[in-house]
Each structure stands twice: as C-alpha cells, then as structure tokens.
Amino acid sequence: MPEENSLKEYKKKRDFKSTPEPSGKKPSKKENPVFVVQKHDASHLHYDFRLEIRGVLASWAVPKGPSLNPKNKRLAVKTENHPLDYADFEGIIPKDQYGAGRVIVWDYGTYKNSSEQPMKKALENSKLVFFLNGEKLKGEFALIKMKNSEKNWLLIKKSDDHASKKNPLKNKPESVLSGKKIEEIKKK
Ligand code: MN
C-alpha cells in the first residue's frame, strides 16, 4: 500500500469528478515492480517516466523522452508521485484540469533494481540504477539527480547489449496498450 501522504500532491492537483485519471484507490497486486512511460501531449509534449517504488509510481517528466543511446543524457524533471493504477491510464485530461491533453502508454514493463540499495533509499540518495524490461526500452538505465538542483535529474542509458542508436520515440510512436498514436486518442 502507498505510504501515507505519498499521493497527497497528486490528489490535490486533480478533480476526479472532472478528469478520467485514476484517483489512486486500487492497491498493488503485481509481483514485480512496474515501470511505465506515458507520452503526454500537454502544453509541451513530454514523456512521463514512472517507476513503482513502495506502492506508488515515482515520476519524472522527460521533455525529450528516453533514449537508448548512452551518449544522450536526458533531462528528467521530478514530478509528484502517481498512483499505481495510473500505469494503464490512456485518454484525454480535460482542458480545465492539471496536465490537460492526450496521454498514451508509450511503454510498459517491469524493472529490476541494479543498485545495492533499496529503490527508496537510492531515490533519497539521488541515484537510481535499474534494468528495464519493457517492449521498447530494455537494459540498464540510471537516473541521477543534478547537483544543486531541487527537481532536475538526468536519465541515461548505460552501455550494454541493449544500447542502440535507434530512436524508438520516432520508429515506434504508438501505444503498447491500444496500438494508437497519440493523435488518434479520441474522447470517449
Ligand atoms: Mn505529464
């Protein structure tokens, strides 16, 4: 179960009578921790990178999206924790709501912590290293907080067999849930 208050900021920002986003009531049932990357066409297009840590999705907004090329260090701005059931949210956040715009699940899968510390501790210590097993993103990645910054982190692909110069953001733009491109998401 989420720790008390870990979703406070998420809930404060949203009116669940108006937005189709989940309110975070469902508890976790999965065995392996999940990760999700959501493509979000808000005021600025970005990719939300989320890792399950202690019952919530720790979240970063990545303006340029993740890269499989270890040379690309991608800015990842820490945002509020999201509930676990957000991981399969796809739809349209209404105009009057925080983060208004279309959302698709661009990638989804499980991950393994490759650091020696538990994820929560590694998060507090500003350095996460983990192995992703998604449909588009695979292999080891690091998320490292920038010095003298409150919210800015860097998302970096580690060098391994899964490192690549291919750009899945361009080559595979569609949702792993619905197969739809973000432009194809319509109001229900
Ligand atoms: Mn977002």
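These questions and answers walk through local features of a predicted model. Local features need pLDDT of at least 70, side-chain atom pairs count only at pLDDT 80 or more, and totals for chains, interfaces and linings use all residues. Residues are numbered from 1 along each chain as its sequence is written, and side-chain values use heavy atoms, with hydrogens and water left out.

Q: Which residues are the protein donors of the manganese ion?
A: Donors are N, O and S atoms within 2.8 Å of the metal (3.2 Å for Na, K and Ca). Water is not among the atoms, so sites may look incomplete. The protein donors here lie 2.1 to 2.2 Å from the ion. They are His40 (ND1), His46 (NE2) and Asp48 (OD).

Q: How are the donor residues of the manganese ion spaced in sequence?
A: Histidine 40 and aspartate 48 are both buried, that is, under 20% relative accessible area, where exposed is over 50% and partly exposed in between (1.4 Å probe, protein chains only). Along the sequence, the donor spacing reads H-x5-H-x1-D.

Q: Is arginine 54 buried or exposed?
A: Most residues other than glycine have a negative phi. Arginine 54 has a positive phi of about 50°, although it is not a glycine. It lies in the loop between strand S2 (45–53) and strand S3 (56–62); strands (E, at least two residues) and helices (H or I, at least four) are DSSP runs, numbered from the N terminus. Its relative accessibility is 52%, so arginine 54 counts as exposed.

Q: Where is serine 126 placed?
A: Serine 126 is not a glycine, yet its phi is positive, about 70°. At 21% relative accessibility, it counts as partly exposed. Its place is the loop between helix H2 (119–124) and strand S7 (127–134).

Q: Which side chain does a polar contact of 3.3 Å join to that of glutamate 80?
A: Glutamate 80 lies in strand S4 (residues 73–83). It is buried because its relative accessible area is 4%. A polar contact is a pair of N or O atoms within 3.5 Å; within protein, one must be able to donate a hydrogen and the other to accept it, and residues adjacent in sequence count only if both atoms are side-chain atoms. The partner at 3.3 Å is lysine 13.

Q: Which residues does glutamate 80 touch, not counting residues up to four places away in sequence?
A: Contact means heavy atoms within 4.5 Å. By that rule, glutamate 80 touches Glu9, Tyr10, Lys13, Arg14, Leu57, Ser59 and Tyr98.

Q: How many aromatic pairs does a search of the whole structure find?
A: Rings of Phe, Tyr and Trp (its six-membered ring) pair if their centres lie within 6.5 Å. Planes under 30 degrees apart count as stacked, over 60 as edge-to-face and the rest as tilted. The search finds 8.

Q: What is the angle between the planes of tyrosine 86 and phenylalanine 89?
A: Tyrosine 86 is buried because its relative accessibility is 2%. Phenylalanine 89 is buried too, at 7%. Their aromatic pair is tilted, 5.2 Å centre to centre, and the angle is 45°.

Q: Over which ring does the charged end of lysine 78 sit?
A: A charge sits over a ring if NZ of Lys or CZ of Arg is within 6 Å of the ring centre and within 35 degrees of the ring normal. Lysine 78 is 4.7 Å from the ring centre. The ring belongs to tryptophan 60.
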